[in-house]
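Thanks, everyone. I'll go through it piece by piece.

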Amino acid sequence: MPELPEVEVLRRDLEKEVVGKKIKAVDVTGTRSVRRHKTKADFTGPLVGRKVVSVQRRGKYLVVKLDGPEALIVHLGMSGQLLRAKSAREKAPKHTHVVIHFTQGGLLRFVDPRTFGEMFVAKYDALAEVEELSHLGLDPLETAMSWELFGRMLADKHARLKSLLMDQKFIAGIGNVYSDEILFQAGLKWDRLSDGLSEQEIRRLYRAIFETLQDAVKFRGSSLADEQYVDLFGKPGEYQKHHQVYDREGQACPRCRRTVHRARFANRSTFYCEACQV
Ligand SMILES: [Zn+2]
């Protein structure tokens, strides 16, 4: 599932490609992608004729701000893709569910084979009332925060580090891949308790979160073998080549050459090095 870095890469691509463009028409085929709306027209109505003002990100959600009261919200789910096309003559990929045409030419396609992703419109001023957006925790790329404050936030919880990192109410945007990479970078094991860290460990974790996510954005996100992430131009990310432990069970730890292990935790796999992470 795309996490913060992948969504941030798309956000930056979209900002360059669609800001200032006016929506001419919106086609919806199949209604699962716009399932929050009773009818297709409820979804398309507020969009048509509007100009894109900015593209923002809230955790793993994209918020396309328009020059009207509504914003278009996009969640990629497991396998969603947003793809730019120069013209409608470019063949649409299979599983294209929504197409946004711009007055200036060009279009944006929402492709989603597994249909866990979605698009919906909501009043921009009332985004806080959208359930999924209302409880989001701090954004590691956008919130300036000291490690001391971060340390107090950790100490206030009594949770295993992996679950806390993946808790969208605590930090928004981190999932199974980046929590493993961050914990490896920090030298901390996934089952450590958040209120049991030394000052040095807090600093390491704090630094690992920012560095790992920034690096991942720099390498344009992770495209995993079994998933579908590509950027706005259909190009896969490169960061999977830099993964240290994620999905590397049985391979040598890049730091100590011992074997990377996999554990089952909360129904997910977690990858770690027993020697480097304590
Ligand atoms: Zn190691």
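Asn-267 is exposed, with a relative accessible area of 68%. Keep in mind that this is a predicted model. Asn-267 is found in the loop between strand 9 and strand 10. Its phi is near 65°, a positive value in a residue other than glycine. Ala-266 has its place in that loop between strand 9 and strand 10 too. Ala-266 also has a positive phi, about 50°, and is not a glycine. Is Ala-266 buried or exposed? It is exposed, at 61% relative accessible area.

Now the metal. Which residues coordinate the zinc ion? Cys-253, Cys-256, Cys-273 and Cys-276, each through SG. The distances run from 2.2 to 2.4 Å. The angles among the four donor atoms are 100 to 115°, and the site is tetrahedral. For reference, the ideal angle for four tetrahedral donors is 109.5 degrees. Back in the sequence, the spacing of the donor residues reads C-x2-C-x16-C-x2-C. Cys-256 lies in the loop between helix 7 (199-218) and strand 9 (260-265), and Cys-273 lies in strand 10 (residues 268-273), so this pair ties together parts that are 17 residues apart in sequence. Look at the accessibility of the two. Cys-256 is partly exposed, with a relative accessible area of 24%. Cys-273 is at 0% and counts as buried, because the cut-off for buried is under 20%.

Next, the nonpolar cores. The largest one has 40 residues. Which residues have the most contacts inside it? Phe-150, Ile-182, Leu-205 and Ile-209. Six elements each supply at least two residues of this core: helix 4 (147-155), helix 5 (161-166), helix 6 (176-186), helix 7, strand 9 and strand 10. Helix 7 gives the most, with eight residues. Take Ile-182 as an example. Beyond residues up to four places away in sequence, Ile-182 touches Leu-165, Ile-174, Leu-205, Ala-208, Ile-209, Thr-212 and Leu-213. There is also a second, separate core of 30 residues. Val-18, Phe-43, Leu-108 and Tyr-229 are included in that one.

Let's stay with helix 7. It has 20 residues. From first C-alpha to last it reaches 29 Å, close to the 28 Å expected at 1.5 Å a residue. Its buried residues include Leu-205, Ala-208, Ile-209, Thr-212 and Leu-213. Glu-201 is among the buried residues of helix 7 as well. What covers them? The cover includes helix 1 (4-18), helix 4, helix 5 and helix 6. Just after helix 7 comes Arg-220, with a positive phi of about 60°.

That brings us to helix 1. It has 15 residues and reaches 20 Å from its first C-alpha to its last, close to the 21 Å expected at 1.5 Å a residue. How many of its 15 residues are buried? Twelve, and the helix is mostly covered. Just after helix 1, Gly-20 takes a positive phi of about 95°.

Start with Ser-79. It lies in the loop between strand 4 (70-75) and strand 5 (81-85). At 2% relative accessibility, Ser-79 counts as buried. What does its side chain reach? It makes a polar contact with the side chain of Asp-112, at 2.7 Å. The Ser-79 side chain also reaches the backbone nitrogen of Arg-114 at 3.1 Å. Beyond neighbours within four places in sequence, its contacts include Val-111, Pro-113, Thr-115 and Gln-228.

Last, Glu-70, in strand 4. At 15% relative accessibility, Glu-70 counts as buried. Its side chain makes a polar contact with the side chain of Lys-123, at 2.9 Å. Leaving out residues up to four places away in sequence, Glu-70 also touches Pro-46, Val-121, Ala-122 and Tyr-124, among others. How far is Glu-70 from Thr-270? They are 200 residues apart in sequence and 39 Å apart in space, C-alpha to C-alpha.

Notes. Residues are numbered from 1 along each chain as its sequence is written. This is a predicted model: local features need pLDDT of at least 70, side-chain atom pairs count only at pLDDT 80 or more; totals for chains, interfaces and linings use all residues. Side-chain values use heavy atoms; hydrogens and water are left out. Donors are N, O and S atoms within 2.8 Å of the metal (3.2 Å for Na, K and Ca); water is not among the atoms, so sites may look incomplete. Four donors count as tetrahedral if all angles lie between 85 and 135 degrees; four count as square planar and six as octahedral if opposite donors are over 155 degrees apart and all others between 65 and 115; anything else is irregular. Helices (H or I, at least four residues) and strands (E, at least two) are DSSP runs, numbered from the N terminus. Buried means under 20% relative accessible area, exposed over 50%, partly exposed in between (1.4 Å probe, protein chains only). A polar contact is a pair of N or O atoms within 3.5 Å; within protein, one must be able to donate a hydrogen and the other to accept it, and residues adjacent in sequence count only if both atoms are side-chain atoms. Contact means heavy atoms within 4.5 Å. A nonpolar core is a set of buried Ala, Val, Leu, Ile, Met, Phe, Trp, Tyr and Cys residues joined through side-chain atoms within 4.5 Å. The expected span of a helix is 1.5 Å times one less than its number of residues.
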